Amino acid sequence: MGLKSKDLVGIKALDAADIEQILDTAAGFKDVLGRDIKKVPALRGKTTVNLFYEPSTRTRTSFELAAKRLSTDVINFSVSTSSVVKGESLRDTALTIQALGADFIVVRHPCSGVAHFLANNLDASVVNAGDGTNEHPTQALLDLFTIREKKGVIRGLEVAIVGDILHSRVAKSNIYALKKMGAGVRLIGPPTLVPDVLKDLDVEIYSDMEKGLKGADIVMMLRIQVERQGKGFFPTTVEYFRNWGLTPERLARAKESALVMHPGPMNRGVEISSDVADGMRSVILDQVTNGLAVRMAVLYLLAGVKG
Amino acid sequence: MKIVIKNGHVVDPSQGIDGVCDLVMEDGKIKEVKSEKSKGKGQRHENNRGTKEIDASGKLVLPGLVDLHVHLREPGYEYKETIRTGTAAAIRGGITSLCCMPNTNPVNDNSSVTEFILKKAASEGACRVFPIGAITKGQKGEELAEMSIMHEAGCVAFSDDGRPVTDSLMMRRAMEYSRILKVPLISHCEDLALSAGGVMQEGLLSVTLGLKGIPPQAEEVMVARDIALAELTGGRLHIAHVSTEGSVALIRSAKKRGMADVTAETCPHYFSITEEAVGSYDANAKVNPPLRSRKDVEAIKQGLHDGTIDVIATDHAPHHRDEKLGEFDVAPSGISGLETSLGLSMRLVDEGVLTYSGLVEKMALKPSGIVGIDRGTLRPGAEADVVVVDCSREYRVDAGEFLSKGKNTPFDGWALSAKPVLTISLGRIHEWE
């Protein structure tokens, strides 16, 4: 057993067995994280480079900590986005980092396809920490891990994803992962942000949030980029919240046992009310904790592929 | 000097020729096309000094192709292509006359740039170059360029290709004004607000790749506008690189109504491949307008078949290797097309979309007519521009072997059968294996 690729570029390239293996491995690491001494020597001597072309605190920190818990050396390499257009080419930067001896390159980039490009051009294992509006696979994996942990199963659950699906790499990765694992997926939001063509992925699409939430087991909220207001995607954040904000009343349409998730950072009062965010059914902080275990599992399994 | 190409299958729609003939050229001009019958009688063996005989048995002999849409990049972007390399690539592709787009640096929006291009082409070019001038100064869409002076200097058409003339009033004025020159305005039809920075066809694939989509309507609303303006003004409109089903329908209905003087071109990539070619972010498949869907490809073929689309042009857009290597969003649009155009287009004959004669019309005769140049024909007295094509052997496209500096093609490694093996242009014979 083991993963088939040296890289984790996206969920699209994984099958259900791969996902299950990552989740099972993550469960083991979660036990480790509960111990007094949280570090294992599994990848001692290896080097992880966090190559971030976009500002990120939580994902970068989570990867950094995961890599350190596995005893790899970690270097953070931040590149300002302006150099995407000018200055050193992406390939040259990546080759430079590889020449420094990186075993893992964790990359975040504003352009879709960059993780793919690096994976094809480098010997190091590339882990996609979010590329443009394409994928954010470790976020989906940690979401699935959280769902499985709380619900016991994923197959057969009804998961509602609410918000800016079009621009959300988190939503994309979750759609692929949930479908592969046998869950039902509903996408909820304004037609400007939820393209009809996604129906071809065997998901349901709703612009009416009340209808879409009915009987859902999981309500996954997405961060709304405030910059999209005034660009014609929706008039104002006030109107957005009126139609698609998650309030206790709306949540009542979902199953009583429904969980509320959010990849963070949250815009309270824009896509989610504080009552719900801080409520009993919110597992938002569990997601953060589980992210660490999942990222450890990914690095560990990719190291196994390379031998 | 006399050149005779013997026993080839000569296709020349301008004279209704489609059969085995001998093609006789003398002093750089076509002398005659001798059919089997006429050459049988009283055949004199004057085969002696001064006559070069070329055996073209089993091969096609066509008028040199005419490409209405080429980016030669010079002046200004010589790292992408030069007049020398671009025309050499054209010759390799069987193209003996080409029209070059004005989006150089500086833009060909005044006669001194036109003169520079023509002078360079005369000294370094392997084929004839006919410049296309900009419609507006700097292609900014704000002020008309000096069309008439550029026309005198040698421009055969006007276009702001690469960018649309966004302002409808400016486009109206340009169409009205261009009537004094009786030359076409070649329109790059794109509603920039609607294409909104997109990088590929809009659809499930663009959403799942996370790439910004361009809907077909971004092209179609401008095709509709320009047809309406052509009706209003009586100007000549030639629509560049038609890529969608809706555009074909609009042009078809405009031609049927007969109120607008409109012609249209498409490019080999729009009838050969779909958006699927983007695959895993292959920037060599990034082109503007973008590669479309299967049904668009079928509609383009239908449009070629029924005459809605008059011309096959390459939109040859060479780029440096480094520019296509990296972020898909950042890579420039364009395909290096001169050396695959005939091979890809000949597939239309194999599929029954076009006859040999129809193909030569789209690639030589009609484009000549549109820009008013005396090319694309084997009539006696015409320039001895000829291409001999071998369709009998399959070969692999190898971008690394392109004479163009631009190796950017989604067709690398494709198996094609039609291959130019000999091109005659400007009195020189170019021959390949």
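This is a predicted model: local features need pLDDT of at least 70, side-chain atom pairs count only at pLDDT 80 or more; totals for chains, interfaces and linings use all residues.

**Between the chains**

I began with the area: chain A and chain B bury about 1,500 Å² between them, with 66% of it on carbon and sulfur atoms.

Next I asked how many residues the contact takes from each chain. I got 22 residues from chain A and 14 residues from chain B.

Then I went looking for salt bridges across the interface of chain A and chain B, and the rule finds zero. Polar contacts do turn up: I have seven residue pairs between chain A and chain B, both residues at pLDDT 80 or more.

Which elements give two or more residues to the side of chain A that touches chain B? I wrote down α3 (90-99), α4 (114-121) and α6 (169-180) of chain A. The largest share of that side comes from α4(A), and it is three residues. Sorting the side of chain A that touches chain B by class, I get eleven nonpolar, six polar and five charged residues.

**Inside chain A**

I turned to the domains. Chain A is divided into domain 1, which is 16-134 + 288-303, and domain 2, which is 137-287. Taken over C-alpha atoms, the centres of these two domains of chain A are separated by 25 Å.

For the contact between them I noted 28 residues of domain 1 of chain A against 25 residues of domain 2 of chain A. The two domains of chain A bury about 2,100 Å² between them, and 59% of that is on carbon and sulfur atoms.

How many salt bridges does the rule find across the interface of domain 1 and domain 2 of chain A? The rule finds three.

The elements of chain A giving two or more residues to the side of domain 1 that touches domain 2 are α1 (16-33), α2 (58-69), β3 (104-109), β4 (125-131) and α11 (284-306). Of these, α1(A) gives the most, with nine residues. By class, I have eleven nonpolar, nine polar and eight charged residues on the side of domain 1 of chain A that touches domain 2 of chain A.

Definitions and conventions: Residues are numbered from 1 along each chain as its sequence is written. Chains are lettered from A and ligands numbered from 1 in the order in which they are written. Side-chain values use heavy atoms; hydrogens and water are left out. Domain bounds come from an automatic or database domain assignment. Contact means heavy atoms within 4.5 Å. Buried area is the accessible area (1.4 Å probe) that two parts lose on being put together, summed over both. A salt bridge is a side-chain nitrogen of Lys or Arg within 4 Å of a carboxyl oxygen of Asp or Glu. Helices (H or I, at least four residues) and strands (E, at least two) are DSSP runs, numbered from the N terminus. Ala, Val, Leu, Ile, Met, Phe, Trp, Tyr, Cys and Pro count as nonpolar, Asp, Glu, Lys and Arg as charged, and the others, Gly among them, as polar. A polar contact is a pair of N or O atoms within 3.5 Å; within protein, one must be able to donate a hydrogen and the other to accept it, and residues adjacent in sequence count only if both atoms are side-chain atoms.
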